Amino acid sequence: MKPNRWAALAATAVTALAVRTPSAAADSLVPKGFAPASTSWTGPLRGFVLGFSPCGKPGWCASLLSSTDGGKRWRLVGAPPISLPDNHNQVKLTVIDEHEVFLSDGNRLLASHDGGGTWSGVRLAGIREPFYISKITEAGARVFAMVTGFGSPSTTTLYAGPSGTRVLTPVPGFTVTGSATYGDVATSGGVQVSMGSDYRVQKYWTSSDGLTFTAAPPPCPADSSALLSGIRQGRVLALCSGGPGTPHPGATVRRLWRAPKLGGRFTGTAQAPTLGINQSFSAASPAAATVAAEGGGTGFLHSTVDGGVTWKTTELSGRGVCLNDLDFPDERAGVVVDGLPDAAGGSAVYRTVDGGRTWRELVFK
């Protein structure tokens with residue numbers, strides 16, 4: 001089974017919803033059969049995992065876990081009111097801090113302002129279905145969502161709103177159209193927004209406060225797309241890739257590009273390994289970065305610790321479905337989710353404590 005994130009999604013109304021977690025949930029054990037779907041970390045030791053376990057109806061029940069010791073022990077935070085989608089999209093977790101938490105299945109967006117105790121729906125103003133929410137994040141007092149609509153032509157739009165809002169609206173001027181459109185937003189160390197279409201058009205903006213944006217030189221050549229990472233020690237890093245399936249099926253031409261500061265001009269490194277189709281990208285430091293890719297039924301983590309001069313490829317399990325949520329909360333610790341809860345091979349969270357050189361699977365207990 002292979003998910004198609006960009007397939008047309010079934011129409012789902014986004015309505016306000018509030019469900020309070022029982023107070024005893026914090027003292028409960030990890031649910032039996034728990035399978036991770038998404039992970040988000042606010043520091044090298046403080047992490048959260050959203051997962052699902054078999055239950056009566058609807059068949060899979062959601063649980064939110066947290067750890068304060070790097071994943072050695074976990075406690076149950078609550079049971080978010082969200083289900084596994086029939087189209088096998090990832091249910092994505094984004095934790096901003098101890099209070100602000102977001103969940104999205106690509107078509108539905110939920111927010112919690114009390115650390116996962118109470119949830120409410122967030123609506124996208126004027127959106128037309130089908131669409132896919134590829135990224136949700138927050139900077140300062142603003143929430144950002146990158147949304148792609150699958151009409152003809154395709155459109156990708158940046159939505160935003162004040163923290164705590166129940167309605168996000170399109171940001172004027174932050175829309176691209178074409179046969180294929182895409183975009184990314186990063187908020188660590190400053191806000192970056194990259195958007196493009198058909199591997200011919202690329203736009204890029206930066207902001208220090210999330211309110212006022214300035215157009216800047218794009219991180220990638222026009223014939224490639226950009227995946228952004230947070231700013232590391234003042235340096236800005238991006239992964240620039242050609243279209244998936246080039247130069248041959250199951251491959252992607254990709255390079256690591258960097259700028260000396262936010263809004264600066266990017267320059268590229270030598271070519272990274274081409275094996276696999278891009279799934280995620282994150283940098284641990286100005287010199288260390290990892291690309292998560294999937295190809296031929298196998299997951300790959302391509303890592304460099306010398307700025308792209310040399311690369312090491314770690315082959316994960318044969319789950320071969322997808323690799324999500326790759327992130328480095330500091331220069332050594334990083335995480336990635338392999339697979340989906342309802343996939344034939346199941347799912348797992350891998351963690352590194354050496355900047356991406358080695359990875360081990362976390363155990364939920």
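Okay, ground rules. It's a predicted model, so local features need pLDDT of at least 70 and side-chain atom pairs count only at pLDDT 80 or more, while totals for chains, interfaces and linings use all residues. Residues are numbered from 1 along each chain as its sequence is written, and side-chain values use heavy atoms, with hydrogens and water left out.

So, the big picture. The protein chain has zero helices and 29 strands; those are DSSP runs numbered from the N terminus, H or I of at least four residues for helices, E of at least two for strands. Its radius of gyration is 19 Å, close to the 21 Å from the globule rule for 365 residues, so it's as compact as a globular protein of that length. That radius is taken over C-alpha atoms, and the rule is 2.2 Å times the number of residues to the power 0.38. Of the 365 residues, 58% count as buried, meaning under 20% relative accessible area with a 1.4 Å probe, protein chains only.

Now zoom in on strand S19, residues 236–241. How many of its six residues are buried? Six of the six. Val-236, Ala-238 and Cys-240 point one way, and Leu-237, Leu-239 and Ser-241 the other. In a regular strand, side chains alternate between the two faces of the sheet.

And the neighbours? Strand S18, residues 225–228, runs antiparallel to S19 and joins it through four bridges; pairing takes at least two DSSP bridges. There, Ala-226 partners Cys-240. S20, residues 254–259, also pairs antiparallel with S19, over six bridges, with Val-236 opposite Ala-259.

Conventions:
Buried < 20%, exposed > 50% of the residue type's maximum accessible area, 1.4 Å probe, protein only.
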